[in-house]
Every structure is written in structure tokens, then in C-alpha cells.
Amino acid sequence: MISSDVIVEPAPAKLNLALHVRARRPDGYHDLETLFVFCRDGDVVTIADAQDDSFTITGPFASALAAAATDAVPADRAGWADNLVTRAADGFRDTFGVAQRHAIILEKNLPVASGIGGGSADAAATLRALARRHGVSADDPRLIAIAARLGADVPACLAGRTAFGTGKGDALAPLDGWAGAPVLLVNPGVAVSTAAVFAAWDGIDRGPLDPANPIGGRNDLERAARSLAPEIDRVIAVLAAQPGVILARMSGSGATCLALFETVAQRDQAAAAVAAAEPGWWQMASGLA
């Protein structure tokens, strides 16, 4: 890095309080209705100006991500692995005509392929960081268009606020509420393929989601994800049994599950109970932003 102006951008975990799958689309996506919320914690993206592009992954889940990211990288870009972060950076450079090279560090604190938007959140944080560095407005339509090309969840992660998502999940209507709610995330240590979960969806439209009542909703991907990762059953059962729990449900395509609590103390007691019962499970105690 050659610049003292380092930009640090959080990439908070994305949660689906409810996720209704309404239909398969001809373009390979699905029509969804979902309530996006975001944690206060997650991954972290750091960028600085540099003479050459470089991408470094640190954090507890660095090794899981780095192996996939280094596949099929051209020799002349050996430091620029294929990842949603680097795709976001390339998309930003091409769209805004930026010649400057960047050193990017991704601190990977969230499990990979876990239903909490890790990759999408990382890409969105990269776009926000580059926008700050190069004086681009966060609501610039070109920035949002880059996000949409990167993935269905990236626009929601770019906005980073509670929203009702429809279409592929990228048609967003901002909502208020849920800020500060204590939440516990738990993953049994199983990576689940989003594509495999959607392919296993039974195709039944079980009705619309009321964005004002996500707790009364459901996650239509839970059944499919459980068939691929039966450990999810145990996670939800353990979370649902904790005192003070308001909601225990799988997020996204899994296998991470979330539990909302009435108080921070109840969340922390639940975290201790889960750690004692299943010390091998990953967990993160946080709050909704």
C-alpha cells in the first residue's frame, strides 16, 4: 500500500427474517418476497491506493474462501483472485473509468456459503468503499447497477438497511423497525450451496409475506436446506428452546440460523447455553442495525 488514506468499510451480515419463494423465473432466478435486516457485525473490507492491484483475505474463515478465490487466476493478475470483492472492484473501475489501482483486504469473519450474505455483503462494502474513495454518491444509479449484476442480494447489502425485497430480491422498499433487536447467529459448520437449495425447492407457492409481520412468515427454503444439511434441524430446535426467544429460523439458503431475543441478557445466556451444548458450532452475538 502506498497511500496513508485507508478506507475501512464494514460488511455486516445480511439476514432474512422471512423468505417466501413464490415462483421459478425463466431467467433462472426465483420470484421472492423477503424481509432483509442487517447485523451490526460481520466482515470488514479495507482499501488503499496502490501501484498494483492486490487482494488479501484474513480472518477466521480466510482459508475456506482463499482456496476457491485463487482458482483460474491469470498469471498477470496473480494477486487479484476471483472473488465477488474483486469483481466489484473491476466493475467499479470499468463503470467509472478509474485508472487507480487498489490494495484490498477482506477480513473474513462470517462462514462461507452460510445464508447470511457474506459474499454479497463483501461486494457491497467494496463498492461503498470505492465510492467514498473516488467521490461517487452512494445512491448513484450506476453503482446500484453494478451491484445488481453481481448478485440478487448485493443491492440490498449495498443499501444496508431494513427493506422488503421482491422480484429476485433486488426490488427494495425501505422499512423502519427492528433496530437494536438482540440477535444470535448459529451455524453448525456446514456449507450449503445456494444453487442446490433452490434446486431442491418443491415449487409450491405457499402465499405472500406480510412485511409488517415477518415473524408470522416462514422461510420456504428451510425444508430443502434441511434435506441437504439435517444439522439445521438441531440448530433451530436448540435456539427455539432458549428463554426469551422471539423467533428461531434459518436465514437465506442456510445453514446459518438466527434467533431474536427480547433482551441482550437473554441473548447472551442463550449464547452460553449453545456453546456449552455444541462447542463446535460457530456463533455470533450481535444486534440488528
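Visitor: Where does Ala113 lie?
Guide: Ala113 lies in the loop between strand E4 (101-107) and helix H3 (118-133). Helices (H or I, at least four residues) and strands (E, at least two) are DSSP runs, numbered from the N terminus.

Visitor: How are residues numbered, and what kind of model is this?
Guide: Residues are numbered from 1 along each chain as its sequence is written, and side-chain values use heavy atoms, with hydrogens and water left out. This is a predicted model, in which local features need pLDDT of at least 70 and side-chain atom pairs count only at pLDDT 80 or more, while totals for chains, interfaces and linings use all residues.

Visitor: Back to Ala113. What is its phi?
Guide: Ala113 has a positive phi of about 55 degrees, although Ala113 is not a glycine.

Visitor: Why does Ala113 count as partly exposed?
Guide: Because its relative accessibility is 35%. Buried means under 20% relative accessible area, exposed means over 50%, and partly exposed is in between (1.4 Å probe, protein chains only).

Visitor: Where is the cis peptide bond?
Guide: The bond from Gly254 to Ala255 is cis, with omega near 5 degrees. Ala255 is found in the loop between strand E8 (245-250) and strand E9 (257-261).

Visitor: Changing topic to strands. In which sense do E2 and E4 pair, parallel or antiparallel?
Guide: E2 and E4 pair in the antiparallel sense, over seven bridges. Two strands pair if DSSP finds at least two bridges between them. Ala48 stands opposite Ala103 in E4.

Visitor: And E3 with E4, parallel or antiparallel?
Guide: Parallel: strand E3 (residues 54-58) pairs with E4 over five bridges. The bridge partner of Thr58 in E4 is Glu107.

Visitor: How many bridges join E2 and E5?
Guide: Five, in the antiparallel sense, between strand E2 (residues 30-50) and strand E5 (residues 163-167). Glu33 stands opposite Thr166 in E5.

Visitor: What do E5 and E6 form?
Guide: A hairpin, with three residues between E5 and E6. Gly169 in the turn has a positive phi of about 105 degrees. E5 pairs with strand E6 (residues 171-174) in the antiparallel sense over four bridges, and Pro174 in E6 is the bridge partner of Ala163.

Visitor: Now some helix residues. Is Ser120 buried or exposed?
Guide: Ser120 counts as buried, at 14% relative accessibility. Ser120 lies in helix H3.

Visitor: What does Ser120 touch?
Guide: Leu84, Asp153, Val154 and Cys157, not counting residues up to four places away in sequence. Contact means heavy atoms within 4.5 Å.

Visitor: And Glu222, buried or exposed?
Guide: Glu222 counts as buried, at 14% relative accessibility. Glu222 lies in helix H7 (residues 222-228), and touches Ile236, Arg249 and Met250, not counting residues up to four places away in sequence.

Visitor: Where is Asp205 found?
Guide: In the loop between helix H6 (194-200) and H7. Asp205 counts as partly exposed, at 39% relative accessibility. Asp205 touches Val21 and Arg22, not counting residues up to four places away in sequence. Asp205 and Ala259 are 54 residues apart in sequence and 25 Å apart in space, C-alpha to C-alpha.

Visitor: What about the whole chain? How many helices and strands?
Guide: The protein chain has nine helices and 10 strands. Its radius of gyration is 19 Å, close to the 19 Å that the globule rule gives for 289 residues, so the chain is as compact as a globular protein of that length. The radius of gyration is taken over C-alpha atoms, and the globule rule is 2.2 Å times the number of residues to the power 0.38.

Visitor: What share of residues is buried?
Guide: Buried residues make up 52% of the 289 residues in the protein chain.
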